[in-house]
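Subject: Structure handover and findings

Hi,

Here is the structure you will be working with. Please open it alongside this note.

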Amino acid sequence: MTPNTDKKIQVALVDDHQLFRSGINFIISDTDDIEIAFEASNGQEFLNFLENYEPDLVLMDINMPVIDGVEATRRAMETHPDLKVLVLSMFGEVDYYNTMIDLGVKGFILKDIDNDELLDAIRKVYRGGNYFSQELLLQLIKNKPEEGGVELTRREKEVLELICLGFSNQEISEKLFISQRTVERHRSSLLFKTDSKNSVSLVVFAIKNGYVKI
């Protein structure tokens, strides 16, 4: 399938169930700003596609034949570190969450997500934010120990709260009336202080340790 080149958000859909892909296609086909650029039934097909074209966002299943979503994401991030991956998940896959977070994915959504939430998740991640289905986030923080002992400034707490709400650096700068460079500096400080690898692990830390509530 040849990728489209207009200005819609170009999504690669990677899942081994044809019926599920058809459902996602149906939902997205009714929008004016998102479209499926490519479909793959396993990680290898996706990696082959990625050799010639980088989509704006990837909807990635975890359990697939040939190459699963974890390994496909690992290999994709090695060659495309800025790739935006949104994980399609089931409740029973919590053991994979921390690995996927460490790889740099931008969030997790349940496969039975409603239509509006799916589209909201795609748009937020595309704009530079992150997204969690609340049920999955509760599972994730339940299995992660509290860190404690981290002192944050008032501004860092404000930035952290907005990161947890899925806002991008630009959106945070507009809401707090500070420059994007200042936002980036606060984000870097938060990552360092909390020993978090990326924004998604920062969200988990913040909620687990009571800096924000869901």
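Below is what was found, starting with the ground rules.

This is a predicted model, in which local features need pLDDT of at least 70, side-chain atom pairs count only at pLDDT 80 or more, and totals for chains, interfaces and linings use all residues. Residues are numbered from 1 along each chain as its sequence is written, and side-chain values use heavy atoms, leaving out hydrogens and water.

**The largest pocket**

The largest pocket holds about 420 Å³ of space. A pocket here is an open set of points on a 1 Å grid over the protein atoms alone, where a 1.4 Å probe fits, with protein on both sides within 12 Å along at least five of seven lines. Its volume is the space filled by probe spheres set on the points, which are joined across faces, edges and corners.

The lining consists of 22 residues. Lining residues have an atom within 4 Å of a point. Nearest the centre are Gly104, Lys106, Gly128, Asn198 and Ser199. Helices H4 (97-103), H9 (180-194) and H10 (199-208) each supply at least two lining residues. Helices (H or I, at least four residues) and strands (E, at least two) are DSSP runs, numbered from the N terminus. By class, the lining has 8 nonpolar, 8 polar and 6 charged residues. Nonpolar covers Ala, Val, Leu, Ile, Met, Phe, Trp, Tyr, Cys and Pro; charged covers Asp, Glu, Lys and Arg; the others, Gly among them, are polar.

**Salt bridges**

The count is 11 salt bridges. Each is a side-chain nitrogen of Lys or Arg within 4 Å of a carboxyl oxygen of Asp or Glu.

Lys111 and Asp61 form one of them, at 3.1 Å, N to O. The two are 50 residues apart and link distant parts of the chain. Lys111 sits in the loop between strand S5 (107-110) and helix H5 (115-126), while Asp61 belongs to strand S3 (residues 57-61). Both are buried. Buried means under 20% relative accessible area, exposed over 50%, and partly exposed in between (1.4 Å probe, protein chains only).

Glu158 and Arg154 pair within helix H7 (residues 154-164), with their closest N and O atoms 2.9 Å apart. They are separated by about one helical turn, because they lie 4 residues apart in that helix. Glu158 is partly exposed at 24%. Arg154 is exposed at 58%. Elsewhere, salt bridges that share partners join Asp15, Asp61 and Lys111 into one network.

**Helix H3**

Arg74 and Glu71 make a salt bridge at 3.2 Å between the closest N and O atoms. Both lie in H3 (residues 69-79), 3 residues apart, about one turn of the helix. Arg74 has 32% relative accessibility, so it counts as partly exposed. Glu71 is also partly exposed, at 26%.

Which residues of H3 are buried? They are Gly69, Val70, Ala72, Thr73, Ala76 and Met77. These residues cover an arc of only 160° around the axis, so they sit on the same side of H3. The arc is that of the directions from the helix axis to the C-beta atoms. What covers them includes helix H2 (43-50), S3, strand S4 (85-89) and H4. Contact means heavy atoms within 4.5 Å. The face turned away from the buried side carries the exposed residues Glu78 and Thr79.

**After H10**

Lys213 lies in the segment after H10. Its relative accessibility is 76%, so it counts as exposed.

Best wishes
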